[in-house]
Amino acid sequence: MNEIIKAMRERRSVRKFRPDMPRREELEQIIEAGLYAASGKGRQAAKVIVVTDRELRDRLSAVNREIGGWEEGFDPFYGAPAILIVLGEKDWPTHVYDGSLVMGNMMLAAHSLGLGSIWIHRAREEFERQEYKKLLTELGIQGEWEGIGHCAVGYVEGELPKAAERKEGRVFWVE
């Protein structure tokens, strides 16, 4: 089987990560794969913020937990040490789709490198808050950006989850 299709079949969302940080080279490869995602009219209107700073990662986790309505102590990033945040340019009509393709590419790349990942939502709500708009300004990111998702990345603790059976009746051929 083709290795890309094999990775698509085998990749799973991971909900338990080891605390050790992936190597920078691994993160760079994951990000590069994301930046090669297809985009509307080739605009490449998505950005990635790489969070490996533990303090910022934990602040993001706390606000994500608050938005999600979970109790104190729950980590919506499941212990992943690296968080790759995808942003889409708000005034570009395909920004959500483009950012979603970046997320998909990054999750597949993480799997291909032996790392786990999971897409965590609520980035949109986070980057509507002033403190995170300020973070964008501090990073030199100009304009209006919408959070698309967090790609939580790290080494898997334990075994990868097994795939659920694929549902029937999802493909319709017109020949």
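A residue is called buried when its relative accessible area is under 20%, exposed when that area is over 50%, and partly exposed in between, with a 1.4 Å probe and protein chains only. The model described here is predicted, and local features were therefore considered only at pLDDT of at least 70 and side-chain atom pairs only at pLDDT 80 or more, whereas totals for chains, interfaces and linings use all residues. Residues are numbered from 1 along each chain as its sequence is written, and side-chain values rest on heavy atoms, with hydrogens and water left out. Helices (H or I, at least four residues) and strands (E, at least two) are DSSP runs numbered from the N terminus.

The strands form an open sheet of four members in the order E1-E2-E4-E3, with antiparallel pairing, where two strands are taken to pair if DSSP finds at least two bridges between them. Strand E1 (46-51) and strand E3 (116-120) stand at the edges with a single partner strand each, so that one side of each is left without a neighbour in the sheet. Neighbouring strands are turned by 25° against each other on average, direction ignored; axes are lines fitted to C-alpha atoms, for helices over the stretch in contact, and angles between N-to-C directions run from 0 to 180 degrees.

Across the sheet, E1 is joined to E2 by six bridges in the antiparallel sense, and Val48 has Val86 in E2 as its bridge partner. E2 and E4 pair antiparallel over eight bridges, with Trp145 in E4 as the bridge partner of Glu89. E3 and strand E4 (residues 145-154) run antiparallel and are joined by five bridges; Gly116 is partnered by Gly154 in E4, and Trp119 stands opposite Cys151 in E4.

Although E3 is an edge strand, four of its five residues are buried, so E3 is largely enclosed by the rest of the structure. E2 is mostly covered, with eight of its eight residues buried. Ala82, Leu84, Val86 and Gly88 point one way from E2, while Ile83, Ile85, Leu87 and Glu89 point the other way, and all are buried.

A nonpolar core is defined as a set of buried Ala, Val, Leu, Ile, Met, Phe, Trp, Tyr and Cys residues joined through side-chain atoms within 4.5 Å. The largest such core has 22 residues, and those with the most contacts inside it are Ile49, Ile85 and Leu87; E1, H3, E2, E3, H6 and E4 each supply at least two of its residues. With residues up to four places away in sequence not counted, Ile85 touches Lys47, Val48, Ile49, Val51, Leu60, Phe127, Gly149 and His150, contact here meaning heavy atoms within 4.5 Å. A second, separate core of 19 residues includes Ala46, Leu84, Val102 and Ile148.

Two helix pairs were examined. Helix H2 (residues 24-35) packs with helix H4 (residues 95-112) at an angle of about 145°, their axes being 7 Å apart, and the crossing is right-handed, that is, with the near helix turned clockwise from the far one by less than a right angle, anticlockwise being left-handed. Ile30, Ile31, Ala33 and Gly34 of H2 make this contact with Val102, Asn105, Met106, Ala109 and Ala110 of H4; the residues divide into seven nonpolar, two polar and no charged. In these classes Ala, Val, Leu, Ile, Met, Phe, Trp, Tyr, Cys and Pro count as nonpolar, Asp, Glu, Lys and Arg as charged, and the others, Gly among them, as polar. H4 also lies across E1, strand E2 (82-89), E3 and E4, and runs at about 5° to E4.

The axes of helix H3 (residues 54-68) and helix H6 (residues 130-138) come within 12 Å and cross at roughly 145°, in a left-handed crossing. Leu56, Arg59, Leu60 and Val63 in H3 meet Glu131, Tyr132 and Leu135 in H6, a contact with five nonpolar, no polar and two charged residues.

Most residues other than glycine have a negative phi. Lys41, which is not a glycine, has a positive phi of about 55°; Lys41 is placed in the loop between H2 and E1 and counts as exposed at 81% relative accessibility. Arg122 likewise has a positive phi, near 80°, and is placed in the loop between E3 and helix H5 (123-126), but Arg122 is buried, with a relative accessible area of 19%.
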